[in-house]
Amino acid sequence: MRVLASAPAKVILFGEHSVVYGKPAIAAAIDLRTFVEAELRDDGRIRIEAHDIKVPGLTVSFSESEIYFETDYGKAAEVLSYVREAINLVLEEAGKKTGVKVSITSQIPVGAGLGSSAAVAIATIGAVAKLLGLELTREEIAKLGHKVELLVQGASSGIDPTVSAIGGFIYYEKGRFENLPFMELPIVVGYTGSSGPTKELVAMVRRRYEDMPELMVPIIEAMGKLVEKARDLITAELDEEEKLRKLGELMNINHGLLDALGVSTKKLSELVYAARTAGALGAKITGAGGGGCMYALAPGKQSEVATAITIAGGTPMVTQISREGLRVE
Ligand code: PMV
């Protein structure tokens, strides 16, 4: 028996970093996916094949070069640790000791801040659970995905595995989520070409927070309030144009606050300003920062903004919000 599962990448629309301090955040799944095929092995061994990352001893065959930017050993090894922990947790949950083979292919750039690790963890949990006959809800799978992140990263709010398992738009706070009404967001994601190590960035913000609480607490508080405002806007009965314009304004404020936390870089700021100059209503970092990605809200201007991001030295991805979270076939 073989089971195929897939899970989407995500963008954090508002509230990265402050979510680690118990504030809310809003994230959306996007239409890049990681696919995991799982099958039983009767020799009791665990085998992981990754078709998109170069690691000695693993099969390498992925070639979607336009969305695959980096393939280095460190990142590949990191992906493997998420897969290993995910398999172990499901075996433990099912109370079974059996050999499993998982094969991974992915459209999600690794280490770009688009949640590739969470997507691979969620797809692996979904595939292996079904293979072992374990009935888990998406919420339970999201919780196991959060456990995987905690085991591999140390600190994590759990927002990435939750949005990857659930799909669509979610409002997330302290391990709980709420689905927000679906809306089409004309966004462009811009990749800086380098990755931001989430674990180190979260630790760096924590040091600043502990060193200067009198400055950092109000910034985190402001981020929390900003997310509440964004949620009110998303759920309000407003004219679409006005809604997008106001959301853009909130994105710009959120970017400024993230810059104040110290997680922006010259390249991220260049892409953000290039997008705004080309007509985006708003642009900000998405994810941990320190490299990785920004995103811009650009109704009617997606191709202009994509070009501006390219000229500024980034790699643009015109993408859609995905309603679908984990899919198990
Ligand atoms: O690096 P990403 O895109 O997975 O973003 C992580 C988001 C943070 O808020 C920085 C960390 C977290 O665990 O929520």
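The model is a predicted one.

The protein chain falls into two parts, domain 1 (2-181) and domain 2 (187-319). Between the C-alpha centres of domain 1 and domain 2 there is a separation of 24 Å. Where they touch, domain 1 contributes 31 residues and domain 2 contributes 33 residues. On the side of domain 1 that touches domain 2, the strands β1 (2-14) and β2 (25-41) each provide at least two residues. The largest share of that side comes from β2, with five residues. Sorted by class, the side of domain 1 that touches domain 2 holds 19 nonpolar, seven polar and five charged residues.

A shell of 15 residues surrounds the ligand, and the closest are G113, S157, T198, G287 and A288. Both domains take part, since at least three residues of the shell come from domain 1 (2-181) and at least three from domain 2 (187-319). Two helices can be picked out here: α4 (159-166) and α5 (198-211) each supply at least two residues of the shell around the ligand.

Attention now turns to a sheet. Strands of a sheet pair through backbone hydrogen bonds, in either a parallel or an antiparallel way. Here, four strands form an open sheet in the order β8-β9-β7-β10, and the pairing is antiparallel. At the edges stand β8 (282-286) and β10 (315-319); each has a single partner strand, so one side of each is left without a neighbour in the sheet. On average, and ignoring direction, neighbouring strands of this sheet are turned by 25 degrees against each other. The antiparallel strands β8 and β9 (residues 293-297) are joined by five bridges.

On the α8 side, the contact is made by L271, A274, A275 and T277, while α9 brings V305, A308, I309 and I311. Seven nonpolar residues and one polar residue make up the contact of α8 with α9, with no charged residues.

How values were computed: Residues numbered from 1 in each chain as written. Predicted model: local features only at pLDDT ≥ 70, side-chain atom pairs only at ≥ 80, totals over all residues. Near = placed C-beta within 6 Å. Domains from an automatic or database assignment. Contact = placed C-beta atoms within 7 Å. Nonpolar A, V, L, I, M, F, W, Y, C, P; charged D, E, K, R; others polar. Pairing = 2+ DSSP bridges. Axes fitted to C-alpha atoms, helices over the stretch in contact; angles between N-to-C directions.
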